[in-house]
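Here are some notes from going through the model. Have the structure open while you read.

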Amino acid sequence: MNALNVAEYVQGLGLQARQASARMASATAAEKNAVLRGIARLLRENAQALRSDNAKDLERAAAGGLAAPMVDRLTLTPKIIETLAQGCEQLAAMPDIIGEIVGMRQQPSGIRVGQMRVPLGVFGMIFESRPNVTIEAASLSIKSGNACILRGGSEAIESNKALVRLVQEALAQGGLPTEAVQLVQTTDREAVGQLIAMPQFVDVIIPRGGKGLIERISREAKVPVIKHLDGNCYVYVDDPCDVDMAVRVADNAKTQKYSPCNAAEGLLVARGVAREFLPRIGEVFAAKGVEMRCDAEAKAILSTFAKVVDATEQDWYEEYLAPVIAIKIVDGVDAAIAHINRYSSHHTDAILTRDHVHAQRFLREVDSASVMVNASTRFADGFEYGLGAEIGISTDKFHARGPVGIEGLTSLKWVVLGNGELRQ
């Protein structure tokens, strides 16, 4: 497919999505929920066929030398397929928020003014590797009354085609337009450039992948982008704190899983508890093979452990996605807040404390999408927040911030109810 044909093809997807979005916006809760339950049924009925299509991607990935973690992300296991089916059923069971009117107030003029929740319209999603994202994005799009255009990674093309066929089958069975969920079926990179430059058809772009992909899309897009570039999350251990709890939570935030964007990459410790806390967390990290990159004060306390090295200025900014953590001793809550606001990626940051005033200040003053008290940063997730699912996490400040679920795929418009009032 040459560049001209790619442009025509993607423009055609955009036109079809825009037309489908009008029908999706008017779809009833019963219609949307029936489609979601239909997707769940079709996923289970076609599990073996899906794994056969997935095997083609896995075979090509192995031949191409794709890294083992990426191959793992690419694999559709029976458990993953069942989890996707259950996710669709959970979404179907959730309330439909489209058309809700909130904040209705009577004005002195006699009119009543409020806001109605409505779909965004059409979103484009660009993602890498994980074919499960295809179902997550499609199901959230249907539930929120949107249309979507999905562009997965070339390594998952056969899996994504098979999954979208099932989604479109469920849409057709439910009487909704199959063009409400479309897949860009070319692996030509020019298709991404076209998709992010069609404001007449696409209302928002959601990239989900590596920093390079997200930086490119943020730089080149001509439509709004919901994004986060980094997950440089901090845990601050305050004075006073429950040291036993702090050790458990800091350990979980770092080591429960190293690769997610909500894993802790930095650990700040108040000077007043450092000599009690650091040897205990150091023992945990050393046993798990975690490298500790420390300022001079923390290094002096942790020097008896393996893998303790000097931190550089860059370490305070770094998203490792690996068994590495940056550790710094600070004077107290003021210094911790200042450090986090300067160096973190404004994704998720936590304070572990017994001081209510410190906790409230941290919640108010730390400028991040999720701020936590006495909890692991690993909870920063749409499912854990009770959103049913998430389409990504946003560190932007407009519209959606933090895990983006159904509500993040909607907007509010003002509605005015009158009875013949005239402006004086």
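1. Start with the second largest pocket: β3 (122–127) and α9 (211–220) each give at least two residues to its lining. Helices here are DSSP runs of H or I with at least four residues, strands are runs of E with at least two, and both are numbered from the N terminus. About 260 Å³ of space lies in this pocket. Of its 13 lining residues, Glu 128, Arg 151, Gly 153, Arg 189 and Leu 213 are the closest to the centre. By class, the lining has four nonpolar, four polar and five charged residues. Nonpolar covers Ala, Val, Leu, Ile, Met, Phe, Trp, Tyr, Cys and Pro; charged covers Asp, Glu, Lys and Arg; the others, Gly among them, count as polar.

2. How that pocket is defined: on a 1 Å grid over the protein atoms alone, a pocket is an open set of points where a 1.4 Å probe fits, with protein on both sides within 12 Å along at least five of seven lines, and lining residues have an atom within 4 Å of a point. Points are joined across faces, edges and corners, and the volume is the space filled by probe spheres set on them.

3. Bear in mind that this is a predicted model: local features need pLDDT of at least 70, side-chain atom pairs count only at pLDDT 80 or more, and totals for chains, interfaces and linings use all residues. Residues are numbered from 1 along each chain as its sequence is written, and side-chain values use heavy atoms, with hydrogens and water left out.

4. Now the helix pairs. Helix α2 (residues 29–45) packs on helix α7 (residues 157–173) at about 135°, with the axes 8 Å apart. Axes are lines fitted to C-alpha atoms over the stretch in contact, and angles run from 0 to 180 degrees between N-to-C directions. The two helices are therefore oblique to each other (under 35 degrees is roughly parallel, over 145 roughly antiparallel, 65 to 115 roughly perpendicular, the rest oblique). α2 passes α7 in a right-handed crossing, that is, the near helix is turned clockwise from the far one by less than a right angle. The contact of α2 with α7 has nine nonpolar, two polar and two charged residues.

5. What does α6 do with α7? The axes of helix α6 (residues 132–143) and α7 come within 10 Å and cross at roughly 25°, which makes α6 roughly parallel to α7. Thr 134, Ile 135, Ala 138 and Ile 142 of α6 meet Asn 160, Leu 163, Val 164, Val 167 and Leu 171 of α7, where contact means heavy atoms within 4.5 Å.

6. Two backbone spots to check. Asp 239 and Pro 240 are joined by a cis peptide bond, with omega about 10°, and Pro 240 lies in the loop between β7 (233–237) and α10 (243–255). Lys 307 has a positive phi, near 60°, and lies in the loop between α12 (296–302) and β10 (308–310). Most residues other than glycine have a negative phi, and most peptide bonds are trans.
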